[in-house]
Each structure stands twice: as structure tokens, then as C-alpha cells.
Amino acid sequence: MRVAVIGGGPGGLYAAALLKSLGPERDIVVWERNATDETFGFGVVLSDETLGGIEHADPVVYGALQREFVRWDDIDIAHRGQLLTSGGHGFAAIGRRRLLQILRERCTELGVALRFDEEAPPAAELAASHDLVIAADGVHSPTRQAHAEVFQPQITTHRCRYIWLAADFAFDAFRFEIAETEHGVMQLHGYPYSADSSTVIIEMREEVWRAAGLDLCEENESATRCAKIFSEALRGRPLRGNKSSWTAFRTVVNARWSYRNTVLLGDAAHTAHFSIGSGTKLAVEDALALAACMEEEPSLSGALEAYESERRPVVESTQRAAAASLRWFEELGDHLDQPPRQFAFNLLTRSRRVTHDNLRVRDARFVAGVEREFGCPDGTPPMFTPFTLRNVTLRNRVVVSPMDLYSAQDGVPGDLHLVHLGARALGGAGLVMTEMVCVSPEGRITPGCAGLYTPQQAEAWTRITSFVHEQAPGTALGIQLGHSGRKGSTRRMWEGMDQPLEAGNWPLVAASALPYLPDVGQIPQALDGAGMTAVREQFSAAAWRAARCGFDLLELHCAHGYLLSGFLSPLTNRRTDGYGGSLENRLRFPLEVFDAVRGVWPEDRPMTVRISATDWAQGGTTGAEAVEIARAFVAHGADAIDVSTGQVVSEERPEFGRSYQTPYADRIRSALGVPVIAVGAISSWDDVNSLLLAGRADLCALARPHLYDPHWTLHAAAEQDYTGMAAPWPAPYRAGSRKPPTGRTDAPKPRLTLKR
């Protein structure tokens, strides 16, 4: 087999070494356009997981790395004159030049041909004369570009500028330092990579970089100015560059990683922001996986397919974590006023890979300090602290999110609603929310949607509120009021989500005459003045009934593309009157409805508003607009903002992932100082504790976990050994408050060693 490797970075060299080691008969050539002593950057960080893979695959390389690595455990966070340290993290770093030297020596030892200071022939030309072409040619990959129609790359350029520099001393820890300058916020990321050297990355928003005049600086002047800004962290020492220049990070995603006998590896295939130390790590892991798949699969096509199938989920997970970290640093200014320990905890958990629970294992003392600052009594997890909205005090921070059951008859909630809501109230959550309760028959999503527009419906809801208050005292029950707008008159979810009814459709209304599903959905009628008056009155009447039913909290549904959400989004509101155009105009009708509801809802009971903070579609609601939407509702009397996203237009492209909507809640909370409810793929009690302790949310709403386990909150308390009053077991259930024992599976441990 003839193998051509384009790119002599860590990924390309290690792939060549592994393939040659596994198949000495292979003819492998590596092309690298730079000379052997030319490389960018300074130090690289590898995880224990990656090192374990190297140790298993190539003990020679592993041994060389082990002798060179600098290891440390601490992270220092310096901000506003305070230095906080968290330990137990475990890092290993090495100089990039030394890493490349080790890999080159291994390649030479194995018989790989290295052609440095030589441009590789085009990938297509190499593919014709070689059995395999590995394109490890970096973030600006010519190979990827040459076959863009196949690989279908998506490259996103982000909002910060950064520069790689070095200092001639070793930091004691991985250091984050924040500088609040007259031009804006700047940050330093620093870590040691040898006994006497450290990598230093300086990063800031583009507008700060320009305001500071750093866009006009050459390498040496940039290093000098950055050293002055961060002189305390650097102990007065200078910084130096290595062909260093300011750049913006680019996230690379490809629809495919291989084309015939050509395969992308490392930054050519994917990138992940440096703040989670992932670039070289991912490239080395790619090399390990590719070499393994080449051994395991009988054909080249099968090997390349297996390589991508194995690596893509891992890479996508890393990219989601890196994106969360990148966005956190882009919005760093929003967090600066947090209490010192909360700020440090927020930084450490920004990617959601470090959490409250695993950080407590790493550094229990640090986490205990954060919990004390938050106000947690001893032995009380953050999720079991109380929270007050007006005269309603929730005993814990867990919310059962609204979940449509599509099981009402003529809008009347039945036994399933009683069991569903009653079980989750008995299950310990602080607040249990109904599904979206529709304010009129034509405001239903499906024929099975519950309503509150008749006395019979009010009577049925009163039955449910009475059960919750009598059988689960201390649990608050909230109602979510809404109108389907253009997303109404559809089948139940399990019969065909968003699909029109086969028969019995009712007319729809919306902000503008635009169907939700083009060429499929019904075209709604744009509301006129009389129609808006009628809708306001329907919301007001439903809220009046809700108060008399005994609900503790009312939420106005202004999200997910339903009627009020349709007024807010520029993608669904194309009106040319006073209710369309500017954000102020688009807010006008939703605020009128809010005022009408607040006017009849008891003063002592809280009101919240659910919004879609982004439409996940070009031209839709932006994060900045979401802040202004929240600001407007708060000014009109909203007590908290329930921050969801999307479901506004059918062509949306959400960035799904764990807690993926939380950054939008965090941004609103930071900007306005208003309580927020975070929702969206929050699945574990560890997630809840982490979000609360980091100050990203005040309450956490969970849906699917409560479908899986109605007693999710009580079980979360049991798993954390919490037995306080924030999670009381109902008297009939107390005997089950501990996890049932299971059969023992541990075998007797050997105790004696007999001498021969």
C-alpha cells in the first residue's frame, strides 16, 4: 500500500508512524511545506485519555512523551484583585516543537519518508498514484477546498481576536486572568509547557481589539503591549512571538470526511476552540482511530467509513463543548459582576464538561466555598434552596416543564391530566406547570389540547389544583396560557406532528398570512384590530378563570411560533401597520395581552413569560433582541422569564446539545438581573446544580426526565443524600425513600499470597 500524507503536523506525523508500525511493508510519504524547525504556537495540552490511547498503540512514542511532559493539577483564576485556585484537574503539556521532533524521529526510525520544506502535489494527483491520501493540511486545507462540493465544509468565523505568545517562565497552574481596560475586557489563557516556558494566549472581542489599536500592531509591539496589560500575571516578564499574528477562530465542520481514497484528519476535518485545549488532542485521536480502522476493516472504503462513524460523534460532542466555552468567553463581560467564587465556578463549568459533582470530587473545598457564597446551608445542594417570586416561595429550584398531553376532550382536562400533574407534584418538584392551556377553541393546536374558556374546563382544572394543594402541600402549580396561532388545527403529535387535520379543520389567525409549513399548512388570516381585541379578551377571561381555579403562577406563552411568538419574530411578522416592523412595534400586541392578563391576575401571584430567544434561522430573533424582549416584559410586570428557543419556523437549524438553550437564559439574567427559568436538554440533577451555582439560571425546567421518572426530584434528593424539607416524601411513600437494595455482585477479594 502506498500512502501519501499531506501535512507534517502532529496528526499527520502520528498517522504515518502508526500506519508504518502496523504495516512495515507500506510505502508512506509525508509532505510538509514548512522546514523542520518551523511551526506555529508553543505548547500543546493532551488529556490522560489521549495519552492512554498513545500508550496502548505506540509505547515508544508514549515513553518519549512521558519523559518530556510538564504536569500540573491547579487552575488559577485572577479577577478584580482576587486569585482563586481550584485543584485536582490534571494536565499534561509539551512544547509543540519537541512533540513534532519526537514524532519525526519515530517516523524516521520506522522508515517513513519525510519531505519537509516541500509543497505536496495536489490531493487529486496523489490520489491517482497512491492507495490512500491523508489530508492533515490544517484549518485552511487546500484538499478540503479542492473537493468542497464533496466535503461540504461549513466554516464559522467568531467574534474574538486572539494571539499565541510565550513567556520564558513556567506558570504554577493553568491561569485565567481578566483585564478590564479602558477599551474593554481582555483575557489571558496561560499554561506551562516546559520547566521554563509557558504558552500565553491573549483574547478579546473584535471591537475591543480595534479600540485598543492592536489591529495596527506588528508581532513585537503586540507582545510588548500585552505584556504590559498583564504584567501582574507575567510577574513583569516580557512576552515573545513565533510568527504570531492576531486572528479570529474558525470552527470547521464537514458533511463528509472522505472522498474515494482521500480522507480528512485533524483541523482539516474539524476544529474546536482552544479554550478547551482540543486541537492537537483531536488530531492525535483521529490518527489513532484511522490506524485502528485500517487494521480492522477488510477494505479501504470500509475503513474510512468506520473511521468517520467512530470519530464523528466524539468530535461533535467536543465541538459542542468548545462552542459553549467559546461563547462564554465572547460574552465574558456579562459575568464580571458575579461574586468572586461564583465567577470562578462559572468559568470552570463553562463548557458543561466540568460540573458541580465532578468538580466537588476534584476539589471539595473549592466547591464548598462556592456553595457558601451562593447561600446553601450545610448539606444542602443548590437545587434544594428556596426561591421566591412575589408571595410564592418555591421550596426548591426544580420546575416540571409544560408538556402537551393532547388528551383533553373538548378542551376539558381529564383523569390523565390529574394523574400526570398529580404524580409530578407528589414527585417533589417545587413548581409543576400545566401544558399550554388554550384560551379559545380556535386557539388549540390539536383537537386534544386542553383549554380554559368554558365553565366545565374551569371545574376540571379546579379538581386538579385541589388535589395538588391537598395531597402535595408545598408544591406550586402553574398554568401556561397560550394561543396556537398559525400552528393550530393539526394532528396529535403521535399522529403526525404539525400536519393538518384530515377533516374538521378550523380557521387560523396569525400576525401575518404565512403558513407554518409551506405548501402543506393552512394559510392563516392576519389578525385585524377586531381580532386582536377578541384575542386579548380571551386571554383575560382565561386568566380570570385560572385565578379562581387556584393556580399559584401564570405563564404567558410567547414562544415556539404560537400566536404571540408570531408577532415577536421578524420571520413571521410581516405587518406594515403599528404592530409590525421594528421590535418595538412587534412587541406591541404581546405586551397588550400581557397587560390584560396581569390586570386580572391577583397582584400577590407571580407571572412569567416564555420566549424563544432565537429562531435558529437567518434573519430571525437575535440574542440581543431577546434581551430587549425580556426587558419589555419585565418593565410591564413579569416576575421571571422562561427562556426557550426556536420552533418558530419550520426551516430552523437548532444547535442541539446538553443544556443547549441555557446560554440565552444566562445572557438575559446577566443583562437585566431578572430571574430566569432555564429549559432545554437539562437532564440530570448535576446539570441543575451546576447551572444554579454558576448563576446561569434561578430555576431549571425539565420535561422528558419527568416523563421517564415522575419522582425525579425525590430521587435526585436520595441520590445526593439530602433529606431536608425542600424534598419531602409524601407520608404514604416514605418507606420507598431509599433506593431498593440489589443482589451483591462483588467477588471475595484475594487476601493471601502463598510462597512457593
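Helix 11 (residues 300-330) lies across strand 10, strand 11, strand 12, strand 13 and strand 14, where contact means heavy atoms within 4.5 Å. Its direction is about 150° to strand 14; axes here are lines fitted to C-alpha atoms, for helices over the stretch in contact, and angles run from 0 to 180 degrees between N-to-C directions. Helices (H or I, at least four residues) and strands (E, at least two) are DSSP runs, numbered from the N terminus. Please keep in mind that this is a predicted model, in which local features need pLDDT of at least 70 and side-chain atom pairs count only at pLDDT 80 or more, while totals for chains, interfaces and linings use all residues. Residues are numbered from 1 along each chain as its sequence is written, and side-chain values use heavy atoms, with hydrogens and water left out.

- Seven strands make up an open sheet with mixed pairing, in the order 6-5-11-12-13-10-14; two strands pair if DSSP finds at least two bridges between them.
- At the edges sit strand 6 (82-86) and strand 14 (247-254), each of which pairs on one side only.
- On average, neighbouring strands of this sheet are turned by 25° against each other, direction ignored.
- Helix 9 (residues 219-229) lies across strand 10 (153-167), strand 11, strand 12 (184-194) and strand 13 (197-205). Relative to strand 10, helix 9 runs at about 75°.

**Strand 5 and its two neighbours**

- Strand 5 (residues 75-79) pairs with strand 11 (residues 174-181) in the parallel sense, over four bridges.
- With strand 6, strand 5 pairs in the antiparallel sense, over five bridges.
- Asp 76 has a bridge partner in each neighbour: Arg 175 in strand 11 and Thr 85 in strand 6.
- The hairpin of strand 5 and strand 6 has two residues between the strands, and Arg 80 takes a positive phi near 50° in this hairpin.

**Salt bridges within helices**

- Side chains of opposite charge can pair when their charged atoms come close. The model has 38 salt bridges, each defined as a side-chain nitrogen of Lys or Arg within 4 Å of a carboxyl oxygen of Asp or Glu.
- In helix 13 (residues 356-362), Arg 360 and Asp 357 are three residues apart, about one turn of the helix. Their salt bridge has its closest N and O atoms 2.8 Å apart.
- Arg 360 is partly exposed at 32% relative accessible area, and Asp 357 is partly exposed at 26%. Buried means under 20% relative accessible area, exposed over 50%, and partly exposed in between (1.4 Å probe, protein chains only).
- Helix 20 (residues 583-600) holds Arg 588 and Glu 592, which are four residues apart, about one turn of the helix. The closest N and O atoms of their salt bridge are 3.6 Å apart.
- Both members of that pair are partly exposed, Arg 588 at 39% relative accessibility and Glu 592 at 23%.
- Salt bridges that share partners also join Arg 159, Arg 205, Glu 207, Glu 330 and Glu 331 into one network.

- Which residue forms a salt bridge with Arg 610? The partner is Glu 555, with the closest N and O atoms 3.9 Å apart.
- Arg 610 belongs to strand 25 (residues 607-612) and Glu 555 to strand 24 (residues 553-558), so the pair ties together parts that are 55 residues apart in sequence.
- Arg 610 counts as buried at 5% relative accessibility, and Glu 555 counts as buried at 1%.
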